[in-house]
Amino acid sequence: MSFTTSSRAISAKAASILGGHEHDRYESLRNKRPRLLQSQVFIRRVDSPQQEAEEEEAHENPEFKLPSKKSLFVIVGGNALFQMSFFIIVSSASVYAELLGGTATFSGLIIGIPPAISGLSLLFISRYDGGRYGVPLNISYISLVLGNILYALAYRAQWLYLLLIGRIVTGLSFIAFMYSKRFCTDPRLVGIRRRTTLAGWLVVGQAFGFSVGPFFGGLLYKVGFGNKVFNGVTSPGWIVAGVFTIFLVLSNLLLEDVPNYNLPPLNCQPPHDPSFSFTNSDAYRPSSEEPSFRSVTPAQWGVIICMCYYSMTCFFILGSWEANIPVFTASALGYSPYNAGNFIALGGISSFPFLLLNVWYARRIQDRSILAAGTTLGLFGLLIMLAILRTAKVTFGSLFICWFLIALGFNLASTCTLSLLSKQLPDTWNRKASMAIQYSNYLGRVTGAILGGAGVKMGMINYIAVQIGVVGLGGVMYLTLWRQLKAKTG
């Protein structure tokens with residue numbers, strides 16, 4: 001009331017001083033002034049750059065950091081294409097080797113030698129990559145193009161060993177598998193709550209590769225293309241070379257590599273406060289100190305061994321089934337290589353939607369739970385297969401159920417081995433962790449292929465029993481380390 005009374009008194013005094021007309025003008029301006037002030041304040045709040053920066057900073061969380069979409073396209077899309085190129089020759093490799101005078105053992109060699117070459121190459125290339133990705137990926141693309149051209153020219157040259165040389169050169173390209181994994185767990189690029197999600201996308205590409213690769217390889221072989229340069233056995237090589245020539249250009253245009261820090265060391269020292277950390281990737285400088293094995297705790301060693309073992313197990317069982325299906329179905333169901341390739345592809349296509357769902361739900365589910373779910377599904381597939389073999393009731397339907405559960409389960413389990421390990425170890429261990437997981441993959445693929453090829457000869461029941469034993473040992477490690485395997489989701 002006092003405020004209203006004083007306002008009226010001021011207005012009356014102003015009227016006596018200014019006169020009627022001037023008083024009306026004064027009242028009009030006085031009534032508009034608060035509205036003008038409010039609009040000015042409103043505009044200032046919306047357009048203030050400082051306030052926008054503060055709001056963005058409030059929403060930004062380094063744990064959810066992701067690379068650019070262009071870089072993710074190069075890494076995830078490239079991984080899918082590399083997986084396809086690995087499997088596309090499986091359907092026709094044995095026939096190709098026989099046409100040039102090779103044996104079944106030689107055809108196994110040309111399929112199995114690329115992982116061995118890749119493993120040896122990583123020892124040298126990873127030492128000189130500078131923590132970056134552009135150069136190693138370019139080496140991968142170029143060697144894949146050249147290797148597949150040599151592979152395709154072997155028929156025209158009628159030289160068996162050119163086939164082997166082409167596969168050796170191609171083997172150098174598969175270092176990209178390790179660099180894709182390392183990219184998706186690189187603390188400079190990916191936050192801790194997005195690593196399992198990106199690993200899930202890599203496994204979707206893996207399923208794409210072993211589905212589409214054998215199918216197109218078998219289809220190209222069946223179509224034929226009857227000439228000495230482009231035919232049923234050489235066409236996979238030419239097509240892969242053409243695709244990766246285009247992808248080489250796209251990668252160099254789109255990939256945003258981490259900065260090259262060939263700079264003198266900084267003189268300033270960071271505070272000794274343990275809560276202090278750099279969250280901006282532009283301020284990141286790779287440490288010159290190599291991670292020390294002495295700094296690893298016994299619990300962390302347990303996690304390292306467990307994740308490497310599970311990585312080996314997943315690819316051991318997947319690799320053994322991929323190698324065994326053509327041999328076993330030929331004797332049990334009378335399948336041709338083309339039909340066997342389609343059977344392998346069908347398992348991958350059927351698991352594809354579930355792996356896509358995993359990419360979404362990985363943000364909410366712990367890695368150790370995904371690992372348990374995948375391994376359990378795969379174990380069910382092995383147990384059903386054992387029951388089928390004991391009752392001698394092998395049909396398309398029963399065998400497909402087993403293969404579907406195994407393909408889905410162990411692909412699902414493989415999504416979280418490196419991501420979980422990267423969450424448990426310091427950021428400086430990313431390179432070593434990626435290498436350890438990749439070599440575990442190679443070990444599983446090589447030993448699995450050997451077991452799969454010998455499966456019918458050693459007895460299928462014994463073949464399945466070996467795999468159940470491998471999974472069982474992993475289960476003991478998993479249950480022992482249950483508490484230590486807890487990590488952030490995403």
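1. How many nonpolar, polar and charged residues are in the lining of the largest cavity? The lining has 12 nonpolar, 11 polar and two charged residues. Here Ala, Val, Leu, Ile, Met, Phe, Trp, Tyr, Cys and Pro count as nonpolar, Asp, Glu, Lys and Arg as charged, and the others, Gly among them, as polar.

2. This is a predicted model, in which local features need pLDDT of at least 70 and side-chain atom pairs pLDDT 80 or more, while totals for chains, interfaces and linings use all residues. Residues are numbered from 1 along each chain as its sequence is written, and side-chain values use heavy atoms, leaving out hydrogens and water.

3. The whole structure holds two cavities of 30 Å³ or more. A cavity is a set of points on a 1 Å grid over the protein atoms alone where a 1.4 Å probe fits but cannot get out; lining residues have an atom within 4 Å of a point. A volume is the space filled by probe spheres set on the points, which are joined across faces, edges and corners.

4. Lys181, Gln206, Phe315, Gln438 and Asn441 are the closest to its centre among 25 lining residues. Helix α17 (430-453) gives the most to this lining, five residues. Helices are DSSP runs (H or I, at least four residues) numbered from the N terminus.

5. The second largest cavity has about 30 Å³ of space. Ser91, Gly218, Tyr221, Pro337 and Tyr338 line this cavity, with α10 and α13 each giving two or more residues. Three of the lining residues are nonpolar, two are polar and none is charged.

Methods. 1 Å grid on protein atoms, 1.4 Å probe; cavity = no way out; pocket = protein on both sides within 12 Å on 5 of 7 lines; lining within 4 Å.
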